Each structure stands twice: as structure tokens, then as C-alpha cells.
Amino acid sequence: MTFSNSTTDGGRRRTGSEHSSKAAAAMTAAVTGAVLMLGGIECLKAQDFIDDQARIVRGYAIAPVGLNLSGKDPVKVGLGSYFVNTIGDCNGCHSSGTPASLFLYPYATGGNPYFNQPTKIDPTVYLNGGAQFYTVGTPTGPLGYAGPVIVSRNLTPNSAGLAEGGRTLAQFMQIMRTGIDLDQIHPTCSPEQLDTINSPGSMTLAELQAAVNDCIPTGVFPGSTFDNEPDGNLLQIMPWSAFASLTDYDLDAIYQYLSAIPCIDNTLPLAPAGAPGELLNNCGSGGPVPAAQPGDKVNSLLKLGASGRRR
Ligand code: HEC
């Protein structure tokens, strides 16, 4: 559609008479038809295939940590790395960051691009979670309680090699497609909890937070008509609504990559309110699994790609 329209527009710009305009239109139709008849879709598939190879190779080149490829599809791990470390920017939010006191930047000392330094990701906090965001609830009651600070989660695999501290692929898919918070760590406040928030007595803010189970208060924002209704069953801040449109193949690729990175037991930052174990992870007694180095598999991957694996 777009192709045909833009070509017609081009024809109009180029022609002065009705006759040549008709000729251009006929030519447009012929050209459009020809593309379809020549099997444009087949051509696109071939182009996709080439692009995938480039993504996989790039994915291995930019993975900032060693990868444990045992039992995994190396094509998917490479592609997963490409998504996670480029447009997904998972580590941009899922990292305790350095300097540790800021829990902000996922870069090694001297490697912060925003300080105009050459980028170097800090592997010791890579995807270990713990970045602190802000509250998303409506400030309510005399203490202005707005719910817990939202904290990103630890995405590194557990000792059994299951991504994100032990999630199955099916759970991971469900989270990325629907945004469901399977840990249920910040439910929406019930009417009773809102009553408590509105009449906290002599409670401190911290006491109130514990008393209402770290719930998220909803309602009209003070001083505005904006009705703020975050659903506490859903992950907040996390861009799952965009990731939800990834294909199954691509989500599986991300999952496999997250299974291949080193495990980190994150004891650095504050855990999300009410979930003290949330960032901790069982990495087993033997330390991190021996990992292949980025780049190792690139040549064999090119051969794998040529064998025609497709999504
Ligand atoms: C803009 C910041 C941001 C980005 C980018 C981001 N996340 Fe998140 N993510 C979060 C936050 C914050 C949470 C926790 C939200 C909450 O508690 O409501 C979260 C939660 C999650 C969870 C749920 C964890 C659990 O224990 O159930 C998964 C899985 C996840 N993110 C995966 C990813 C992946 C994979 C990427 C990259 C493709 C990514 N995230 C990119 C901020 C982000």
C-alpha cells in the first residue's frame, strides 16, 4: 500500500499532462504488480535472514560478560544479546550501577559514556537489578504516602541456569506479554488500606508502608483532575507493553541469553519494600559457571545461519 501510494505521488510530481499522469499510474500498477509477482515476500525473507546473521554476530561482539552456552541454541543466545544490549537496554534499568552509592550507572569506573568516557559496562552489576525508580501511586493522606519506590529486579540466572533467578520460559513469556508481577510485591490498595493511609494516627511513613503491605494508592492526583490508576498486579516502569509485541522467537532468544549470563547474588542495594529476598539469588557453591568468551562462536554461527534456521 505505502509503496504503491508513494510511487503514484512521485508520478504526479513528475508529470504535467493528464496523459502522462495516466501513463505514470499504469506504470505504477505494473511496477507494483511486478514486485508482488516476482515474489517480493520471498526477497524480504532472504533479506531478513541476512540481517539476522548480522544481529547474531553483533550480539556476541557486544555481550559484556562471558556466556555459558552449554545446552543452549547459540543462534538464539546471540540474537538475545543483540536485543538485550541494544534497543532493549535491559541493563540500563536492571543494574545496581556504579558508583554503588548512586545505584544509577551500569558502567565501570572510568567507562561512563555520559561523562564522555569510552563505554565500559561493569560486569559485576550486569543485570543484577536494584536500580531505584520513584513511587507511582497517588500521594494520599496526611503523610502523602504514594506507595513503595519501584525497584528493578535481578535478571541473572540461578544455580540451575534458569533465567531471572529461576523463571521458566513460559513464565518469562507471560511476564513480557502481560506485565504481570508474579511476585505480587506491590498490590493496589484496598478501600480499607486507603482508610488507614488517610488516618495513619501517629504512625511514621515507614510504619504506614508496612501496615498497608506496601500497596499502591490510586485516585485523583492532588491538585489536578488526573485519575491515577496504576494496577499493582502489573509491573510498573518496566516497558513490557512494548516488549509484548516481540515474536515468540525473539522472546525465547532473550530468555536464552538471560540464561547464559553469569549469576549474581545481589546484596548491594536496598531490595524492593516488603520483599527483602527479591534481589538475592542462589548462584550455587561453585561460583559462576565457567563461561565462554564473547566472540568464541562467531565463526560457527555463520555456518549455522547458512543452514537456514529461521524463526
Ligand atoms: C525503563 C527501565 C526498564 C527497562 C529498560 C527494562 N526493565 Fe525490566 N523491569 C523494570 C522495573 C522497574 C521492574 C520492576 C517493576 C515493578 O516492581 O513493578 C522490571 C521487572 C522486570 C521483570 C519481572 C521480574 C520478576 O521477578 O518477575 C522482568 C522479567 C524484566 N523486567 C525483564 C526485562 C528485560 C528482559 C528487559 C530488556 C529487554 C527489561 N526488563 C528492560 C525496569 C526496566
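## Fold

The protein chain has 12 helices and 2 strands. This is a predicted model. Starting at the N terminus, the order of elements is α-α-α-α-α-α-α-α-α-β-β-α-α-α.

The protein chain has 311 residues, and 32% of them count as buried. Take the contacts between residues at least 6 apart in sequence: 67% of them join residues at least 24 apart.

## Packing of α4 on α11

Helix α4 spans residues 74-85, and helix α11 spans residues 248-260.

On the α4 side, the contact is made by Lys76, Val77, Leu79, Gly80, Ser81, Phe83 and Val84. On the α11 side, the partners are Asp250, Asp252, Ala253, Ile254, Gln256, Tyr257 and Ala260. By residue type, this contact of α4 with α11 holds 8 nonpolar, 3 polar and 3 charged residues.

## Nonpolar cores

Which residues touch the most other members of the largest nonpolar core? They are Ile254, Tyr257, Leu258 and Ile261, in a core of 31 residues. Four helices each supply at least two residues of this core: α3 (40-62), α4, α7 (169-178) and α11. Helix α11 gives the most, with 7 residues.

Ile254 links the two topics. It belongs to the α11 side of the contact with α4, and it is also a member of the largest nonpolar core. Leaving aside residues up to four places away in sequence, Ile254 touches Gly80, Phe83 and Val84. Another core lies apart from the largest one. This other core has 8 residues, including Tyr145, Ala146, Leu194 and Val212.

## Ligand shell

How many residues lie around the ligand? There are 24, and Gly88, Cys90, Cys93, Ile237 and Met238 come nearest. Helix α5 (residues 90-93) provides the largest share of the shell, 3 residues.

The shell around the ligand divides by type into 14 nonpolar, 5 polar and 5 charged residues.

Note on methods
Residues are numbered from 1 along each chain as its sequence is written. This is a predicted model: local features need pLDDT of at least 70, side-chain atom pairs count only at pLDDT 80 or more; totals for chains, interfaces and linings use all residues. Axes are lines fitted to C-alpha atoms, for helices over the stretch in contact, and angles run from 0 to 180 degrees between N-to-C directions. Two residues are in contact if their C-beta atoms, placed from the backbone, lie within 7 Å. Ala, Val, Leu, Ile, Met, Phe, Trp, Tyr, Cys and Pro count as nonpolar, Asp, Glu, Lys and Arg as charged, and the others, Gly among them, as polar. A residue is near a molecule or strand if its C-beta atom, placed from the backbone, lies within 6 Å of it. A nonpolar core is a set of buried Ala, Val, Leu, Ile, Met, Phe, Trp, Tyr and Cys residues joined through C-beta atoms within 7 Å. A residue is buried if 20 or more other C-beta atoms lie within 10 Å of its own, exposed if 12 or fewer, and partly exposed in between; C-beta atoms are placed from the backbone.
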